[in-house]
Amino acid sequence: NSQVLNIHQLVTLNEIPTLVTLATTESNPATRKKAVYAISSAVRNHQPPLDALNKSLPEGYPTDKTDAADMDGIDIIMDKLRSHPVEASA
């Protein structure tokens, strides 16, 4: 399954932190939305990407052991990423 391969590549290539940075710092709302979507798709039902996400989240996020099958727990993280405040660019 190519989707699973791509999800695992996100972990092996250490791209989850890049997506978190885009989701939490990018000033373009469309880019932020796409980054959150990519994170959400990668971590649902896939524990290694979720573990990588938990290590990459900014302070104040729930980083306790969330199970990849816990959709409510993942939704809480995704909602917080979507509403993460972004500083206005100069």
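The buried residues of helix α5 are covered by elements that include α2 (16-25), α3 (29-43) and α4 (47-56). Helices here are DSSP runs of H or I with at least four residues, numbered from the N terminus, and buried means under 20% relative accessible area, exposed over 50% (1.4 Å probe, protein chains only). This is a predicted model, in which local features need pLDDT of at least 70 and side-chain atom pairs count only at pLDDT 80 or more, while totals for chains, interfaces and linings use all residues. Residues are numbered from 1 along each chain as its sequence is written, and side-chain values use heavy atoms, with hydrogens and water left out.

Helix α5 comprises 12 residues, 71-82, and reaches 16 Å from its first C-alpha to its last, close to the 16 Å expected at 1.5 Å a residue, the expected span being 1.5 Å times one less than the number of residues. Within α5, G73, I74, I77, M78 and L81 are buried. Seen down the helix axis, these buried residues fall within an arc of 135°, so they line one face of α5; the arc is that of the directions from the helix axis to the C-beta atoms. On the other side of α5, D72 and I76 are exposed.

L50 and T66 lie 16 residues apart in sequence and 7.7 Å apart in space, C-alpha to C-alpha.

Terms used
Helix = DSSP H or I, 4+ residues; strand = E, 2+ residues; numbered from the N terminus. Contact = heavy atoms within 4.5 Å.
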